[in-house]
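Biologist: I would like to learn how to read this model. Please show it, then take me through it feature by feature.

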Amino acid sequence: MSITVFDPNQIILHIPHNSTYIPEEYRRIFYLDDEPLTGELLRMTDSYTNELFQIPDIPMGNRIIFPYSRLLCDVERFRDDRMEPMAAMGMGVCYRVTSALKPLKSVTDFHTDEMLAWYDRHHDALTDIGASI
């Protein structure tokens, strides 16, 4: 029997769906009132994953935590909706529907460009960490 020991400096913690944060300037694009939006955030957020993965041996610089709600931008989808199977349901990189497939928000080209900029920064950080370990 052999035991594999992992070097904590070689581990990347990717936490993409912990946040419920929606900047105020984006709140207005949502069709949902506060109470239904709160419910949707509860259903779609991987709550407490940031706390669950507070592993002291893994350097803070090896943690990539997306600071915005996945209801704005889902960094675990394909960037190009033509490649993302869930985009056909309205849940590509920029969600257009709720978990119940009801209208969620208005997504203009401007909003899509903003979300893709967040997406790109997030993936650039993942790439940079991967290249450095």
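Modeller: Start with burial. A residue is buried under 20% relative accessible area, exposed over 50% and partly exposed in between, with a 1.4 Å probe and protein chains only. Helices (H or I, at least four residues) and strands (E, at least two) are DSSP runs, numbered from the N terminus. This is a predicted model: local features need pLDDT of at least 70, side-chain atom pairs count only at pLDDT 80 or more, and totals for chains, interfaces and linings use all residues. Residues are numbered from 1 along each chain as its sequence is written, and side-chain values use heavy atoms, with hydrogens and water left out.

Biologist: Which residues of α4 are buried?

Modeller: They are H111, T112, M115, L116, W118, Y119, H122, L126 and I129. An α-helix has 3.6 residues a turn, so residues three or four places apart point the same way.

Biologist: What covers the buried residues of α4?

Modeller: Look for contact, meaning heavy atoms within 4.5 Å. The cover includes β1 (13-15), α1 (24-27) and β2 (63-65).

Biologist: How far apart are the end C-alpha atoms of α4?

Modeller: Take 1.5 Å times one less than the number of residues as the expected span. For the 24 residues of α4 that gives 34 Å, and the end C-alpha atoms are 34 Å apart, which agrees.

Biologist: Which elements does the protein have, from the N terminus on?

Modeller: The order is β-α-α-α-β-α. That comes to four helices and two strands.

Biologist: Which residues have the most contacts inside the largest nonpolar core?

Modeller: Such a core is a set of buried Ala, Val, Leu, Ile, Met, Phe, Trp, Tyr and Cys residues joined through side-chain atoms within 4.5 Å. Here the largest has 25 residues, and F30, L71, L72, C73 and W118 have the most contacts inside it. Both α2 (34-44) and α4 (109-132) supply at least two residues of this core. The largest share, four residues, comes from α4.

Biologist: What is W118 in contact with?

Modeller: Leave aside neighbours within four places in sequence. W118 then touches P23, Y26, F66, Y68, L72 and C73.

Biologist: And α2: which residues are buried there?

Modeller: In α2 these are L37, G39, E40, L41 and M44. The buried residues of α2 pack against α1.

Biologist: How much of the whole protein is buried?

Modeller: Of its 133 residues, 42% count as buried. The C-alpha atoms fill a box of roughly 55 × 30 × 30 Å along the principal axes.
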